[in-house]
Amino acid sequence: MTVRIIPGTLRDLSYIAANLRPEDRSEIDCQLDHWSPALLALTALQGFAYVSELDGNPEAGFGAAEQRGGLWIAWSWGTRRMKRCVPGITGFFHAVLGPQIAARGAWRVEARALAVNELALRWLGRLGATQRCRLPGYGRNGEDFFLYDWTREGWNHVSVAKTTGTEAAAAGADGAGQGRAGARGGTAG
């Protein structure tokens, strides 16, 4: 079983979004009025977007996007095989994605999880996020969520100086370049 993290592409993220595990589909359904796999993938490409492949097949998408200066939103979703990718994603989050966000001047990174999604809640804790509060009725059908965050004070151990080569290395992982939509290895027009 080989796990590989690569820059996200429209193709890979659309495939993952079309084959979501039930927990992720429920979480997305109650946050967005109208969505499609392609729209979810396009939205994900607005910031740092990565894909975790398992034996060459895209199984999980994850990343973060800046909402306004200093405030970022982290996200992740995947197929039923995503669980096998979580250790690799966790390591990549700490080694690459977290330092990338810090290097861009983030003061706060937020993530929300459906209150009944115990796997997501445990994983956010393992990623070092702080559970801030319950968000009663946050979902469009009244579902409760939890708000988690990472703040600049919480990631003092991240050396911004060490991140200068990280972004270039991550973007060139497969030659596609970060933020490019389209087939892997191609460029958007």
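This dialogue goes through several features of a predicted model and how each is read.

Student: What should be kept in mind about the model and its numbering?

Tutor: The model is predicted, with local features needing pLDDT of at least 70 and side-chain atom pairs counting only at pLDDT 80 or more, while totals for chains, interfaces and linings use all residues. Residues are numbered from 1 along each chain as its sequence is written, and side-chain values use heavy atoms, with hydrogens and water left out.

Student: How many helices and strands are there in the protein, and in what order do the elements run from the N terminus?

Tutor: Helices (H or I, at least four residues) and strands (E, at least two) are DSSP runs, numbered from the N terminus. The protein has six helices and seven strands, and the elements follow one another as β-α-α-α-β-β-β-α-β-α-β-β-α.

Student: How is the packing of α1 and α3 described?

Tutor: Two packed helices are described by the angle between their axes and by the distance between those axes. Axes are lines fitted to C-alpha atoms, for helices over the stretch in contact, and angles run from 0 to 180 degrees between N-to-C directions. Here the axes of α1 (residues 10–18) and α3 (residues 37–44) come within 8 Å and cross at roughly 130°. The two helices are therefore oblique to each other, since angles under 35 degrees count as roughly parallel, over 145 as roughly antiparallel, 65 to 115 as roughly perpendicular and the rest as oblique.

Student: Which residues of α1 and α3 meet?

Tutor: Contact means heavy atoms within 4.5 Å. On the α1 side the residues are Leu 10, Leu 13, Ser 14, Ala 17 and Ala 18, and they meet Pro 37, Ala 38, Leu 40, Ala 41, Leu 42 and Ala 44 in α3.

Student: Is Gly 98 buried or exposed?

Tutor: Buried means under 20% relative accessible area, exposed over 50%, and partly exposed in between (1.4 Å probe, protein chains only). Gly 98 lies in helix α4 (residues 86–103) and, at 18% relative accessibility, counts as buried. Its C-alpha is 10.0 Å from that of Leu 127, although Gly 98 and Leu 127 are 29 residues apart in sequence. In the protein, buried residues make up 47% of the 189 residues.

Student: What is the phi of Asp 55, and where is this residue found?

Tutor: Phi of Asp 55 is near 50°, which is a positive value in a residue other than glycine. Asp 55 sits in the loop between β2 (48–54) and β3 (57–68), where, at 49% relative accessibility, Asp 55 counts as partly exposed.
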